[in-house]
Amino acid sequence: MSNASPKTSFKGRIGALLGILLMALSLRAAVVSVPPLLARIQKDIEFTEFTIGLLATLAPIVFACFGLLTPRLIRSFGLEKTLITAIALAVAGQLARVFMPDVYSFLALSVIALAGYGMGNVVLPPLVKKYFPDRIGLVTSGYVTMLAVGTWMAPQFSVPLANASDWKISIGSWALLSMIVLVPWIIQLVADRNVDRPDQPVHAGGAPRPIAKINPWKSKVAWGLAIFLAGNSAQTYVYFTWLPPYLQDRGLSELSAGNMLALFAILGLPVSLLVPLWVPRLKNPIIAVLIFTACWVSGHLGIYLSPTEGTMLWVCLAGLGQGTFAIALLMMNLRSRTTYGSGVLSGFAQGLGYAGAGIVPLLFGVVQKSTGSWGPAFAMLGICVVVMLIGAIVINPSRTIEDSVEGSGKAGRLERIS
């Protein structure tokens, strides 16, 4: 699906590889480093139930907004400048918010930090496409794994860091990780001063082919991937938000419920390694989707029907279901031919996908409270599975987002990108 040349060594691209992996490692820090320290933060900043809920919904909302905006920035300024802007916002937001005296200024600066990471979410797939068109599966495996490690690492070490200092230093310290991302990219850009890495396919004669402007709103591939990502991410957000309180309501201790959430989170690691290496070899990626969907469904049913018996097994099955997220990230490159197309597809899918997914945990709680039962709430997870499978069916055929432009018959109206 890429304009890949025969596989070459990583020589000359080490800076880009390290930059991609470190950026992925830092992407979740601003989101998951705060909740473990909320009790301490409340001693200095007055969080209410409403503002805690607002904090929980900020990430998907901001990721959605900047998912849709970032492709325009990429098109105007290029991948690397957009990445540097993303890092600057992430660092500034994280460092500044710890000095805010009230909750709403803290939340406002959190939005800035999340905006940077939302842009980073979108930029990573086209960066892989641009620098590693010959090793998309391998590099995607590396960066999705780093996403999983970062999701685990920030909450794991936030409390020890706060114990050794205070909550402000603990939260602010994760900005240093984002700053470090700049180092390999500066090295790579200096090394690339005389290297041409085209963002578009190249003709056999060596001349770059102009790229037509892509409208993802008219692309079946873009809509399919957005729907697929929304259905997948909604299930993950529900687990991160509601698994501990649900298990405690069913009789597990606070410690056991927390351990089950940690188990769910850490199982993102093995599937993150496996999926990008395995799925590109499949003629029909929906085969992998169906396998991981079976894990999701088995986990949902087990946790609902037998929450205190075999809990670890059910959580493990649901955790392995997270392989669908790795598939979604991989498809951003498998269903595009250019870095521009990958950026547009990444931004559209993540923008609409996170917007849809961010609503579900809130509705899950509303349904549970209004009915007084967990059954109707868990039925929502079944709806998410159906939505995810519909998206999987749409993106299964071997076609790309660029096809929606090239097959439109309106070449005279297409805007070219130099």
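Is D134 buried or exposed? Good morning, everyone; I'd like to open with that one. At 8% relative accessibility, D134 counts as buried. Do keep in mind that we are looking at a predicted model.

Let's stay with the charged pairs. D134 and R135 meet through their side chains in a salt bridge, 3.9 Å from N to O. Five salt bridges are found in the structure. One of the others pairs R250 with D249, where the closest N and O atoms are 3.6 Å apart. R250 is partly exposed at 37% relative accessibility, and D249 is partly exposed too, at 48%.

Then there is D403 with R337, with 2.9 Å between the closest N and O atoms. D403 sits in helix α17 and R337 in the loop between α14 and α15, so this pair ties together parts that are 66 residues apart in sequence. Salt bridges with shared partners also link R13, D134 and R135 into one network.

Now, on to the helices. The axes of α4, residues 49–77, and α15, residues 339–371, come within 7 Å and cross at roughly 165°, which means α4 runs roughly antiparallel to α15. Their crossing is left-handed. By class, the contact between α4 and α15 has twelve nonpolar, six polar and one charged residues. Among the α4 residues taking part are P60, F63 and R75, while the α15 side includes Y340, F348 and Y354.

Last stop, V275 in helix α11. V275 counts as buried, at 0% relative accessibility. Its contacts beyond four places in sequence include P280, F292 and L330. V275 and S141 are 134 residues apart in sequence, with their C-alpha atoms 7.1 Å apart in space.

Note on methods:
Residues are numbered from 1 along each chain as its sequence is written. This is a predicted model: local features need pLDDT of at least 70, side-chain atom pairs count only at pLDDT 80 or more; totals for chains, interfaces and linings use all residues. Side-chain values use heavy atoms; hydrogens and water are left out. Axes are lines fitted to C-alpha atoms, for helices over the stretch in contact, and angles run from 0 to 180 degrees between N-to-C directions. Helices (H or I, at least four residues) and strands (E, at least two) are DSSP runs, numbered from the N terminus. Angles under 35 degrees count as roughly parallel, over 145 as roughly antiparallel, 65 to 115 as roughly perpendicular and the rest as oblique. A crossing is left-handed if the near helix is turned anticlockwise from the far one by less than a right angle, and right-handed if clockwise. Contact means heavy atoms within 4.5 Å. Ala, Val, Leu, Ile, Met, Phe, Trp, Tyr, Cys and Pro count as nonpolar, Asp, Glu, Lys and Arg as charged, and the others, Gly among them, as polar. Buried means under 20% relative accessible area, exposed over 50%, partly exposed in between (1.4 Å probe, protein chains only). A salt bridge is a side-chain nitrogen of Lys or Arg within 4 Å of a carboxyl oxygen of Asp or Glu.
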